[in-house]
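This report goes through a few places in the structure shown below, one heading at a time.

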Amino acid sequence: MALQGAPALALENITVTFAARDSNDTRYTALKDATLTVAPGEFVSVVGPTGCGKSTLLNVAVGLLEPSSGSVKVFGEPLVGLNQKAGYLFQTEALMPWRTGLDNVTAGLEFRGVSREEAVRRAEDWLARVGLAGHGHRYPHQLSGGMRRRVALAQTLILDPQIILMDEPFSALDIQTRQLMENELLELWSADRKSVLFITHDLEEAISLSDRVVVLSAGPGTHPIGEFSIDLPRPRDVAEIRLTPRFVELHTNIWHAMKDEVLKGYARTRIQ
Amino acid sequence: MQEPESSKGPWARIRPQQGNLLVWQVLMMIGFFLLWHVLAVPGILPPIYFDDASKAAFFFGEPLKVFARVWEWFYSGDIYAHLWVTLWETFLAFVIGTLSGLVIGLWLALNPVASALCDPYIKALNSMPRVILAPIFSVWFGLDIASKVALGVTLVFFVVFFNVYQGVREVSPTVLANARILGANPKQLLRYVYVPSAMSWVFASLHNSVGLAFVGAVVGEYLGSSRGVGYLILQAEGTFDINTVFAGILVLTAFALVLDLLVTLVERRLMVWQPRQGETERI
Ligand SMILES: Nc1ncnc2c1ncn2[C@@H]1O[C@H](COP(=O)(O)OP(=O)(O)O)[C@@H](O)[C@H]1O
Ligand SMILES: [Mg+2]
């Protein structure tokens, strides 16, 4: 039985150390004592410089990666194996290239034993919701990058996960497509307020979407260095909200907190 | 700059280019047979290399006689039984080799311990010239079709096996992780992820494996049989009937091309999900 009032997702003192495959002494500590919670129905964004360990954090949250130390709790219960309550949108292509868009969306239902007709009916409904009605018969390589993202979104959301984990889902898209999809995401999310943990390296994206923004330090030994409540009114339009004074103010505050870390991360990647 | 005069002449229109390739290809073939004819038939050219004018024909045959032989085979229907045997052997070798390669490849690729254990033996078996097994198969399976199928299977098996093995290993870790998070159990992963990925590699090697099945059948027949196109060639060789040997080779080549064409058609149907270069529809 889930604890009443427990956070949807709680990452506590997570440390992840990668052992190099060739030798034992070149270890790399990607995350160190990282603590992060997501309340039920909350939209939390995590920003941090590239390579700091954002994907690693999300892989821990979904159960693909076991942390070296620390605990993961899902609605108050310790996570064992894969996180059954979470849907995951990968940073890179994760659709099965040998299945059509529609069949990719039905996959999760088929794995759960839902009948084919029922799965197809619901998948078509979801394809329509992400704006892809009539494109279901196409294979991933026949779709544009933005369309593939929509298929992936439908593939995840059709399973009605209580926690949605997204790893820079729109970073590969052009700015127009990206803002369209951000608005669509907000619309889908506001319909039934799931918990969202959204990873991005783009501060503006983080502010315009979230209830709360968590800033990560540069690696190695990444951990949160700041949390900011975003009190912008909803419903939001991600393009318009960027022009409001409050947005600019928040952006300035957070940017000041981040700047040193970004420069640190940048210096580190330059040295490598 | 001035255009070179020749590019505007009639040659510009008839020179090999997209659109008339087929015509030129046919012309090349006719040219080849003409050359063969002129060089080989006694009395057309004075003897250059051989001291006797009819020796060239003895070694290289005469295209007209070769065609006459092919015509005779098909007209009288003598060849059909032999062709049928060869194609049947090819088919059986292909199916058995592909299925066993698929099953064993999947099994080994998904069992790290088993694959580590068998690794040196697989490498050894693969680098061994397997055609050398043909005489052993003749002893084991007799001179009937079984020994030819066995030879073809050993040739096809390794091509398919290695491709399946590769296909399983090349599965994108992201696709795999995604399927697991979507709720696939190990059996479903096999069916929905590993097998389709492996199949794409198997199809990519389809031309190769069909070709090898054919090679297995013909070589097997050639080394000892009482039926099949390889047998016809073997028999003709025994009586120094070079024209019949060439006729057999011609028929085999034609059927190899037909098989290849069939594979291309099957491939088009099964591999729709794979991107092809410049895939646009012309209006
Ligand atoms: N499996 C691994 N083995 C070793 N190092 C890794 C592994 N995965 C990630 N890393 C390292 O951990 C750091 C964080 O990676 P990642 O979480 O992908 O960063 P990002 O914030 O860009 O998503 C990087 O420096 C990367 O090189
Ligand atoms: Mg990442």
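## The magnesium site

A:Gln91 is partly exposed, with a relative accessibility of 35%. The model is a predicted one, and in it the side-chain atom OE1 of A:Gln91 coordinates the magnesium ion, ligand 2. The other coordinating residue listed is A:Ser55, through its OG atom, and the distances run from 2.0 to 2.3 Å.

The two residues come from separate parts of chain A: A:Ser55 belongs to helix 1 (residues 54-62), whereas A:Gln91 sits in the loop between strand 6 and helix 2, so the pair ties together parts that are 36 residues apart in sequence.

## The contact between chain A and chain B

How many residues does the contact take from chain A and from chain B? Chain A gives 23 residues and chain B gives 20 residues. Between them the two chains bury about 2,100 Å², and carbon and sulfur atoms account for 68% of this area. Three residues, A:Trp98, A:Phe111 and A:His141, supply 38% of the area that chain A buries against chain B, which is more than any other three residues.

Seven residue pairs are found in polar contact across the interface, both residues of each pair being at pLDDT 80 or more.

## The chain A side of the contact

Which elements give two or more residues to the side of chain A that touches chain B? They are strand 6 (86-89) and helix 2 (101-111) of chain A. Helix 2 gives the most, with three residues.

By residue type, the side of chain A that touches chain B divides into 14 nonpolar, five polar and four charged residues.

## B:Ser200 in chain B

B:Ser200 is placed in helix 10 of chain B, which covers residues 186-204. Is B:Ser200 buried or exposed? Its relative accessible area is 7%, and B:Ser200 counts as buried because that is under 20%.

A polar atom of the B:Ser200 side chain lies 2.7 Å from the backbone oxygen of B:Ser197. With neighbours within four places in sequence left aside, B:Ser200 is in contact with B:Met271, B:Trp273 and B:Gln274.

Technical notes
Residues are numbered from 1 along each chain as its sequence is written. Chains are lettered from A and ligands numbered from 1 in the order in which they are written. This is a predicted model: local features need pLDDT of at least 70, side-chain atom pairs count only at pLDDT 80 or more; totals for chains, interfaces and linings use all residues. Side-chain values use heavy atoms; hydrogens and water are left out. Contact means heavy atoms within 4.5 Å. Buried area is the accessible area (1.4 Å probe) that two parts lose on being put together, summed over both. A polar contact is a pair of N or O atoms within 3.5 Å; within protein, one must be able to donate a hydrogen and the other to accept it, and residues adjacent in sequence count only if both atoms are side-chain atoms. Helices (H or I, at least four residues) and strands (E, at least two) are DSSP runs, numbered from the N terminus. Ala, Val, Leu, Ile, Met, Phe, Trp, Tyr, Cys and Pro count as nonpolar, Asp, Glu, Lys and Arg as charged, and the others, Gly among them, as polar. Donors are N, O and S atoms within 2.8 Å of the metal (3.2 Å for Na, K and Ca); water is not among the atoms, so sites may look incomplete. Buried means under 20% relative accessible area, exposed over 50%, partly exposed in between (1.4 Å probe, protein chains only).
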